[in-house]
Amino acid sequence: MEFYLDTADVAAVKRLAAVLPIKGVTTNPSIVSRSKRPLSSVLEELVSILPADSTLFAQVIAHDAAAMVDEALHLREIVPSLVVKVPVTHNGLTAIKALTQQNIPTLGTAVYGAGQGFYAALAGASYIAPYVNRVDAQGGDGIMLVKELQRLLSLHCPQSKVLAASFRTPRQVLDCMLAGCESITVDPDVAELFLLDPAVDSALQRFDQDWTAAYGELKIY
Ligand code: G3P
């Protein structure tokens, strides 16, 4: 499966890429804005620190379909292998169809309903991003959305993958992976929560204490 970090924080990507088996990095306009840096320099720096076979995602901000396509072409000049994120709206679907005709890979984003995401897959999007936590936060069921979308894609559009997004808790992430999600993108702080259980530190301290008490120093040979 593909595991992505959802961030424009290059230092966090550098730190976590050494630890986690990440396939690449996803961004959106809010995430890039928080970095207060030009999108092009964020993308160029991410390319410079990630392995060559990594995948990067960046989103168009235009609302008009033709302008979305122009922005997509511009983004692909910065990173030729970039997957272009396009909101699944009327104009977004038009742009996804046009980009698909030009063999430019897209991700249909801002997905709050299975039918909405399914349209993006039919239009040719390679990835569909349901917003799990945002759906949960408005009283819906984000994991159910993921499951329905996966079922629709496996039945009718097997060339498209769910790329689940928007998480606040490790439980939401686990539930998506248990539902069989083929790809997922997680904020670095949420991704790291799997490794921050204090019980792990205390278990390791106990190993050190027991070893030192028996052998005097922390060495195997
Ligand atoms: O990029 C879309 C998604 O990751 C947004 O997540 O955390 O802002 O709900 P969030």
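Accessible areas here come from the Shrake-Rupley method with a 1.4 Å probe, and for residues only the protein chains shown count as cover. By that method the chain has an accessible surface of about 11600 Å², and carbon and sulfur atoms account for 56% of it.

A word on the ground rules: this is a predicted model, in which local features need pLDDT of at least 70 and side-chain atom pairs count only at pLDDT 80 or more, while totals for chains, interfaces and linings use all residues. Residues are numbered from 1 along each chain as its sequence is written, and side-chain values use heavy atoms, with hydrogens and water left out.

## The chain as a whole

The chain's secondary structure comes to 11 helices and eight strands; helices (H or I, at least four residues) and strands (E, at least two) are DSSP runs, numbered from the N terminus. Along the principal axes, the C-alpha atoms fill a box of roughly 70 × 35 × 30 Å. Of the 221 residues in the chain, 44% are buried, where buried means under 20% relative accessible area, exposed over 50%, and partly exposed in between (1.4 Å probe, protein chains only). A contact means heavy atoms within 4.5 Å. Among contacts between residues at least 6 apart in sequence, 55% join residues at least 24 apart.

## The cores

A nonpolar core is a set of buried Ala, Val, Leu, Ile, Met, Phe, Trp, Tyr and Cys residues joined through side-chain atoms within 4.5 Å. In soluble globular proteins, nonpolar side chains tend to be buried together. The largest nonpolar core in this model has 56 residues, and Ala164, Phe167 and Cys176 touch the most other members. If you click on Phe167 and set aside neighbours within four places in sequence, its contacts are Val132, Asn133, Gln172, Val173, Cys176, Ile184, Thr185, Val186 and Val190. Apart from this core lies another, of nine residues, among them Leu107, Tyr127, Leu163 and Ala165.

## Aromatic pairs

A pair of aromatic rings is described by the distance of the centres and the angle of the planes. Rings of Phe, Tyr and Trp (its six-membered ring) pair if their centres lie within 6.5 Å; planes under 30 degrees apart count as stacked, over 60 as edge-to-face and the rest as tilted.

| Pair | Centre to centre | Angle between planes | Arrangement |
|---|---|---|---|
| Tyr4 and Phe57 | 5.1 Å | 85° | edge-to-face |
| Trp211 and Tyr215 | 4.5 Å | 50° | tilted |

Tyr4 belongs to strand β1 (residues 2-6) and Phe57 to strand β3 (residues 55-59), so their pair ties together parts that are 53 residues apart in sequence. Both Tyr4 and Phe57 are buried, and together with Tyr127 they form one aromatic cluster.

Trp211 and Tyr215 sit four residues apart in helix α11 (residues 198-215), about one turn of the helix. Trp211 counts as partly exposed because its relative accessibility is 32%, whereas Tyr215, at 54%, is exposed.

## Helix α11

The 18 residues of α11 should span 26 Å at 1.5 Å a residue, and the end C-alpha atoms are 26 Å apart, which agrees; the expected span is 1.5 Å times one less than the number of residues. At the start of α11, a side-chain oxygen of Asp197 comes within 2.8 Å of the backbone nitrogen of Ala199. Gly216 follows the helix, with a positive phi near 90°.

Glu2 is in strand β1 and counts as buried because its relative accessibility is 10%. A polar contact is a pair of N or O atoms within 3.5 Å; within protein, one must be able to donate a hydrogen and the other to accept it, and residues adjacent in sequence count only if both atoms are side-chain atoms. The side chain of Glu2 makes one with the side chain of Tyr127 at 2.8 Å, and a polar contact of 2.5 Å joins the side chains of Glu2 and Lys161. Not counting residues up to four places away in sequence, Glu2 touches Lys23, Tyr127, Lys161, Glu182, Ser183 and Ile184.

## Two positive phi values

Asn103 has a positive phi near 60° although it is not glycine. Asn103 lies in the loop between α5 (90-101) and β5 (106-111) and is exposed, with a relative accessible area of 68%. Ala110, in strand β5, also has a positive phi, of about 60°, and is partly exposed at 25% relative accessible area.
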